[in-house]
Amino acid sequence: MDLVTFCHEVPKVELHAHLNGSLSRSTMLQLQRCLADLGMTDKSNAFLDEFQMSSGDSINLSEVFPLFVIAHELTSIPQTLAMATALTLQEFEDDGCCYIELRSTPKETLHMSYKQYIEAIIQTLKNNTASIIACLIISINRSSQQQEIEIITDLAIEYHKKYPDLVVGIELSGNPAVGKFQYFVPVLTKAREAGLKITLHCGEICNPQEVIEMLKFKPERIGHAVCIHPLYGGNDEIWQLLCKSQIPVEVCLTSNVSTKSTPDYSSHHFKELYNANIPISICTDDKGVFATSLSQEYRICAETFGIDPSKLARISLRSCDYIFSEDKRKTLSDKILNFINKNGL
Ligand code: 6MZ
């Protein structure tokens with residue numbers, strides 16, 4: 001089996017994918033058509049061109065955040081939000097992904113409340129006829145105001161109680177240059193006490209003090225973890241803290257290179273994380289914006305760091321231990337182990 005086929009075939013789990021950042025061009029065109037049929041948009045396709053970066057292009061991280069507005073305009077009614085969810089799940093499944101924790105920030109728009117936003121996604125996950133197992137992580141944006149943060153946290157708790165198998169976690173994301181982690185500790189603590197698992201965007205830009213605070217909070221996982229190793233703007237203290245904590249890291253190779261958080265693939269901190277035996281999972285972040293896929297991220301990882309298929313399959317296997325739906329870990333591990341055995345890996 002060649003590497004491209006292998007990366008497609010190996011059953012994969014996706015633990016870091018923002019819904020609105022994951023919209024493919026084909027999905028966006030379908031959403032646009034739906035809105036046009038309802039007489040709700042007059043946007044040209046050129047508008048969509050700004051959303052997806054060309055392969056090899058890069059922009060500053062701070063310039064990425066305004067791009068999401070393009071997707072948000074397309075998912076501003078329950079119907080298109082549900083479509084976006086269903087089409088995105090299908091694309092992950094077609095790419096060989098067997099489990100996904102999709103994440104999204106509930107929004108209040110002219111056409112839906114925060115609650116309707118969550119409902120639209122939940123109903124789609126409930127009616128999911130694809131074979132991919134899908135759940136939701138509710139996102140909180142670092143730029144949000146107190147009232148919005150509280151509304152979203154309370155809804156995350158309410159929906160976790162109602163659908164514990166579907167709403168599995170809460171996460172903190174958005175522009176890392178805005179807001180302070182400490183500000184979110186009370187709501188995250190409340191969510192944790194209600195049984196939600198927590199993942200944090202951590203060290204996406206250099207802020208060692210915040211990394212310390214985040215690691216000491218002991219989230220179940222962290223995303224990115226760029227500026228932690230001393231070679232990449234971190235320091236020995238926070239690197240040792242991460243090594244000791246063994247908190248799993250959601251690694252987003254193309255996202256980090258495309259946003260210049262990392263100069264290129266070969267100098268990505270994946271190497272340090274992997275060599276230090278820190279638990280990792282390979283993820284896409286925003287497959288729409290960064291024009292990637294989970295199988296492509298696996299291939300890039302294999303080619304850049306010389307990870308052979310056997311090791312690659314075991315990265316996927318170990319990711320099952322970090323998924324938030326604990327009761328699905330065994331089923332998924334068995335599926336990947338089966339693939340490993342069948343292919344003599
Ligand atoms: C931090 C990010 C992100 O929630 O509207 N998001 N936050 N760092 C990143 N690295 C590139 N990529 C995406 O999906 C889009 C939202 O996810 C967060 C941002 O808050 C963005 O608005 P949803 O589905």
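Helices (H or I, at least four residues) and strands (E, at least two) are DSSP runs, numbered from the N terminus. Keep those labels at hand for the tour. This is a predicted model: local features need pLDDT of at least 70, side-chain atom pairs count only at pLDDT 80 or more, and totals for chains, interfaces and linings use all residues. Residues are numbered from 1 along each chain, as its sequence is written.

**Stop 1: helix α6**

Select T85. T85 lies in helix α6. Is T85 buried or exposed? T85 counts as buried, because 25 C-beta neighbours fall inside 10 Å. The cut-offs are these: a residue is buried if 20 or more other C-beta atoms lie within 10 Å of its own, exposed if 12 or fewer, and partly exposed in between, with C-beta atoms placed from the backbone.

Now show the contacts of T85. Leaving out residues up to four places away in sequence, T85 touches L19, I121 and T124. Contact means that the two C-beta atoms, placed from the backbone, lie within 7 Å. T85 and N128 are 43 residues apart in sequence, yet 9.8 Å apart in space, C-alpha to C-alpha.

Move to P78, also found in helix α6. P78 counts as partly exposed, with 19 C-beta neighbours inside 10 Å. Its contacts are M112, Q116 and A120, again not counting residues up to four places away in sequence.

**Stop 2: helix α7**

Select residues 114-126, helix α7. Its 13 residues should span 18 Å at 1.5 Å a residue, and the end C-alpha atoms are 18 Å apart, which agrees. The expected span is 1.5 Å times one less than the number of residues.

Colour the buried residues of α7: Y117, I118, A120, I121, T124 and L125. They cover an arc of only 155° around the axis, which puts them on the same side of α7. The arc is that of the directions from the helix axis to the C-beta atoms. An α-helix has 3.6 residues a turn, so residues three or four places apart point the same way.

What do the buried residues of α7 pack against? They pack against α6 (78-94), β2, β3 and α8 (146-162).

T124 counts as buried, with 22 C-beta neighbours inside 10 Å. Not counting residues up to four places away in sequence, T124 touches A82, T85 and A86. For contrast, pick A36. T124 and A36 are 88 residues apart in sequence and 22 Å apart in space, C-alpha to C-alpha.

**Stop 3: the paired strands**

Select strand β2, residues 97-104. Of its 8 residues, 8 are buried. Strands β1 (residues 12-18) and β2 run parallel, joined by 5 bridges. Two strands pair if DSSP finds at least two bridges between them. Find K12: it stands opposite C97 in β2.

Next, take strand β3, residues 133-141. β2 and β3 run parallel as well, with 6 bridges. Here E101 stands opposite C135 in β3.

Go on to strand β4, residues 167-173, where 7 of 7 residues are buried. β3 and β4 pair in the parallel sense over 6 bridges. Look for I137, which stands opposite G169 in β4.

**Stop 4: the ligand**

Select the ligand. How many residues surround the ligand? The shell holds 18, and the closest are H18, N20, S104, T105 and S173. A residue is near a molecule if its C-beta atom, placed from the backbone, lies within 6 Å of it. The shell divides into 3 nonpolar, 12 polar and 3 charged residues. Ala, Val, Leu, Ile, Met, Phe, Trp, Tyr, Cys and Pro count as nonpolar, Asp, Glu, Lys and Arg as charged, and the others, Gly among them, as polar.

**Stop 5: helix α11**

Select residues 236-245, helix α11. The buried residues of α11 are I238, W239 and L242. Seen down the axis of α11, they fall within an arc of 105°, so they line one face of the helix. What covers them includes α10 (208-217). Turn the helix over. The face away from the buried side carries the exposed residues D236, E237, Q240 and K244.

Step past the end of α11 to Q246, whose phi is positive, near 55°.

**Stop 6: two loop residues**

Most residues other than glycine have a negative phi. Select K260, in the loop between α12 (253-258) and α13 (270-275). Its phi is positive, near 60°. K260 is partly exposed, with 13 other C-beta atoms within 10 Å.

Finish at A291, in the loop between β8 (280-282) and α14 (294-305). Phi of A291 is also positive, near 45°. A291 counts as partly exposed, with 19 C-beta neighbours inside 10 Å.
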